[in-house]
Amino acid sequence: MSPPAPSPRPGILQIEKYVPGESQLAADETPIKLSSNETPLGPSPKAVAAFQRASAELERYPDGSHAALRKAIAERYGLNADRIVCGAGSDEILSLLAQAYLGPGDEAIYTQHGFLLYRIIILANGAAPIVAPETNFRADIGEILSRVTPQTRAVFVANPNNPTGTYISFDEVRSLRAKLPDNVLLVLDAAYAEYVRHNDYEAGIELVATTNNTVMTRTFSKIHGLAGARLGWAYCPPDVADVLNRIRGPFNVSVAAMAAGVAAIEDQAHEAAAVTHTEQWLGWVTAELTKLGLDVTPSAANFVLVHFPSDPNKGAAAADEFLKARGIIVRRVGAYGLPNALRMTIGMEADNRAVVSALADFLGRPAA
Ligand SMILES: Cc1ncc(COP(=O)(O)O)c(C=O)c1O
């Protein structure tokens with residue numbers, strides 16, 4: 001008989017590991033990487049300079065209160081800095097929320113094609129993941145509410161959602177909050193908020209300010225181009241901020257990441273350039289792929305979800321192989337319950353044109 005071995009908490013071995021977007025093809029090729037919703041414009045040069053300056057004092061611990069970063073974020077959005085909590089990516093903040101508010105016997109709801117991290121963090125804390133169906137690849141408030149039980153402790157909504165790109169209006173979010181029991185934490189994951197160009201959208205600031213049970217998470221990984229630095233933040237009710245600050249690592253954000261974050265959030269011109277670029281090319285890519293006969297889910301973010309024909313020769317897996325052979329990496333989304341779709345990040349003009357022309361060839365249609 002083998003000796004007893006350490007065993008993890010229940011739920012952990014049910015977790016399917018998160019598979020990040022691929023970043024490499026054959027060793028000698030520089031691919032067009034459109035698989036992780038990174039900005040093709042890169043970070044603000046001011047953020048890069050700040051990151052480099054931070055290397056002069058690497059022997060020093062960072063400011064564990066993240067004061068300068070919280071101040072910069074608060075000034076940018078008109079927020080109360082005391083309610084901002086920073087983390088090593090919004091992944092860390094989401095994990096801390098699950099760790100603090102979920103445990104065995106609890107349930108937490110996320111949507112059918114919702115960001116996969118939610119399932120991981122729910123299971124990691126021994127709680128039960130409850131999936132609410134979406135309607136037309138959009139979160140459906142009614143379906144979420146109908147799955148609430150006395151065991152429900154949290155609801156995670158990515159708005160806009162990854163990988164669908166769809167969003168729900170502020171009216172819908174407000175109605176969801178109003179109908180959820182007060183003891184249920186509503187987590188609005190607004191990783192792509194800066195990209196949204198719709199008047200009926202609100203990232204979550206207003207609800208966080210006016211309720212004691214709603215949290216909004218944000219990231220520097222997407223529009224600010226700092227995915228490699230690992231930096232995110234949450235705007236929280238005071239009690240939730242207090243809870244997160246008790247359990248987070250005392251030095252969870254590095255000196256360099258904080259310095260880059262301050263410079264990035266202050267460089268509004270760089271952010272505006274990314275918004276303009278994305279708006280233009282999101283529209284172009286959506287129109288061109290639609291002309292090719294592909295179904296593109298209307299996106300409010302910096303990526304599109306593209307649905308392929310049911311003929312396996314023209315399906316998502318074959319398209320993915322075809323694109324890879326052309327040096328283009330997009331994202332398979334079978335793990336999100338979308339086996340016949342691909343998610344493509346909006347890239348630079350040449351990248352976008354390369355994808356459209358490759359897919360035209362793949363489908364045997366004339367290119368744009
Ligand atoms: C919806 C959503 N939330 C959160 C994240 C996590 O971002 P990060 O941990 O880099 O801040 C991502 C990244 O892909 C995302 O798509």
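Helices (H or I, at least four residues) and strands (E, at least two) are taken here as DSSP runs, numbered from the N terminus. The structure is a predicted model, in which local features need pLDDT of at least 70, side-chain atom pairs count only at pLDDT 80 or more, and totals for chains, interfaces and linings use all residues. Residues are numbered from 1 along each chain as its sequence is written, and side-chain values use heavy atoms, with hydrogens and water left out.

Asn159 and Pro160 are joined by a cis peptide bond, with omega about -5 degrees. Pro163 also belongs to the loop between strand 5 and helix 6. Here a cis peptide bond links Asn162 to Pro163, and omega is about 20 degrees.

For Thr219, a polar side-chain atom is found 2.5 Å from an oxygen atom of the ligand. Asp91 takes part through its backbone, with an N or O atom 3.0 Å from a ligand oxygen. Taken alone, the ligand exposes 400 Å², and the protein buries 94% of that; accessible areas come from the Shrake-Rupley method with a 1.4 Å probe, and for residues only the protein chains shown count as cover.

There are 13 residues around the ligand, and those that come nearest are Ser90, Asn162, Asp189, Thr219 and Ser221; a residue is near a molecule or strand if one of its heavy atoms lies within 4 Å of it. By class, the shell around the ligand holds four nonpolar, five polar and four charged residues. In this scheme Ala, Val, Leu, Ile, Met, Phe, Trp, Tyr, Cys and Pro count as nonpolar, Asp, Glu, Lys and Arg as charged, and the others, Gly among them, as polar.

Phe137 has a positive phi of about 65 degrees although it is not a glycine, and is placed in the loop between strand 4 (128–132) and helix 5 (141–145). With a relative accessible area of 28%, Phe137 is partly exposed; buried means under 20% relative accessible area, exposed over 50%, and partly exposed in between (1.4 Å probe, protein chains only). Arg230, likewise not a glycine, has a positive phi of about 60 degrees. Arg230 sits in the loop between strand 7 (214–219) and strand 8 (232–235) and is partly exposed, at 32% relative accessibility.

Three further residues are buried. Thr345, in strand 13 (residues 338–345), is buried with a relative accessible area of 1%. The side chain of Thr345 makes a polar contact with that of Asn37 at 2.8 Å; such a contact is a pair of N or O atoms within 3.5 Å, where within protein one must be able to donate a hydrogen and the other to accept it, and residues adjacent in sequence count only if both atoms are side-chain atoms. Ile122 is part of helix 4 (residues 117–124) and is buried, its relative accessible area being 0%. Between Ile122 and Gly11 there are 111 residues of sequence separation, but 8.6 Å in space, C-alpha to C-alpha. Asp320, in helix 11 (residues 316–325), counts as buried at 2% relative accessibility. The C-alpha atoms of Asp320 and Ile109 are separated by 31 Å, the two residues being 211 residues apart along the chain.
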